[in-house]
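Let's take a friendly walk through a protein structure together. Have the sequence and the 3D view ready as you read.

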Amino acid sequence: MTTDNPKLNKLGTFFVAEQQSGTVWRPAAAPVKVLRFAMLFQGVLLLILSACATAPQPALPTLAPTAVPPAIATVATNPSASALPPPTLTVPATAVPPTETPVINLENVAPTAVPTAISMATDTAVPSPSPETSSAFPTTAVSSSSLSVIGNSVQGRPILNYQFGNGLTQVIFVGGIHGGYEWNTILLAYEIIDHYTTNPQLIPSDLTVHIIPSANPDGQYLVTNQSERFLPSDVAADTVPGRFNANNVDLNRNWDCQWQPTAVWRDVTVSGGPRPFSEPESIVLRDFILPKDPAIVVFWHSAANGVFAAGCPDTHAPSLALANVYGQAANYPVYERFTSYEITGDAGDWLATQNIPSISVELQNHQSLDLSQNLNGVQATLDYLAGP
Ligand SMILES: [Zn+2]
């Protein structure tokens, strides 16, 4: 790479140096003035970075020793047993036959629920819900949340986030990581979005609350034929295929805690993906969560009827403390870990490796939303994490 122009010659030398040094950015032939400027710039950058590093961080839950005894008390008073027994799963031990028809419990589902209309073509924040489609929502609450698309699924469906508040402490709730198989967690998330849209004053001022209703929209679509909000009557008889994403990967076996390519769900073998974070949905969630350094990430699942603390593999104490806050308020049994069968590549467990507290809330069955229980659990968690 040579030329008669001396400036371009320097440029050429630089590019050669860059190529020879691989990924190291090394301007071998840069003039001294440029180097001095670069060093000055680096100094300024370091000053800015060190200032950022000392900026206030979102408050993590208090880990006072007093927070643990209630946890133990909760577990001990669990009628199941004193030694953290595996919860009794309400699903059959063998794979659900395709002929099984789910009994849809409409008790907790508002009959007037209307699918939220959302923009699928933009990745910028848009007001939610839009006025022309807000018949199910009070118009006074339109400005209380913002809706954004945080990424896309394998088949290009948007993964949505509803944000409430603008406080420093970040709190994240995730429904539907198991797609249409756990469709009630998606409708629960939407009901909770409705609740805080109607009652924005219940969000403590120092919190920002994010609710991602459907983390596996392709799996949801497979079972409901809907990309956005749906009705229980949309749900197909066989929900099992909707557990996985469009690559047939179990998204809650795809994270980098004790990850295995071949994983287990009950006594069924499922794919954890070819490598940790191989799936776009996992990457979207990880990259959304990590920079926020949230005080908690709650995953809604069904249906083991309990709240489970994260850990990889040992129980993460801050996660257990928050599992007790949520579980006591929601009247779910609380467990240090899930022990019914080995789970590899779990999302919350990986977050615990990043010292991000996480809990999995397992609804009672595959149809009920357990709405009042979870409204209590969510509010107790928000109030716990709020400043004095
Ligand atoms: Zn699940």
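## The chain as a whole

Keep in mind that this is a predicted model. The protein chain contains 9 helices and 11 strands. It has 388 residues, and 43% of them count as buried.

How do contacts link up the sequence? Among contacts in the protein chain with a separation of 6 or more, 73% are between residues 24 or more positions apart.

## The nonpolar core

Now look inside. The largest nonpolar core is made of 77 residues. Those with the most contacts inside this core are V174, A189, V297, V298, A323, Y326 and I359. Helix α4, residues 183-198, supplies the largest share of the core, with 9 residues.

Apart from neighbours within four places in sequence, V298 is in contact with F173, V174, I359 and V361.

Next, find helix α7 (residues 317-330) and helix α9 (residues 371-385), which pack at an angle of about 140° with their axes 7 Å apart. Because of that angle, α7 is oblique to α9. Their crossing is right-handed.

Which residues meet here? From α7 come L322, V325, Y326, A329 and A330, and they meet Q373, N374, N376, G377, A380, T381 and Y384 in α9. The residues of this contact divide into 7 nonpolar and 5 polar, with no charged ones.

Notes
Residues numbered from 1 in each chain as written. Predicted model: local features only at pLDDT ≥ 70, side-chain atom pairs only at ≥ 80, totals over all residues. Axes fitted to C-alpha atoms, helices over the stretch in contact; angles between N-to-C directions. Helix = DSSP H or I, 4+ residues; strand = E, 2+ residues; numbered from the N terminus. Parallel < 35°, antiparallel > 145°, perpendicular 65-115°, else oblique. Left-handed = near helix turned anticlockwise from the far one by under 90°. Contact = placed C-beta atoms within 7 Å. Nonpolar A, V, L, I, M, F, W, Y, C, P; charged D, E, K, R; others polar. Core = buried A, V, L, I, M, F, W, Y, C linked by C-beta atoms within 7 Å. Buried ≥ 20, exposed ≤ 12 C-beta atoms within 10 Å, placed from the backbone.
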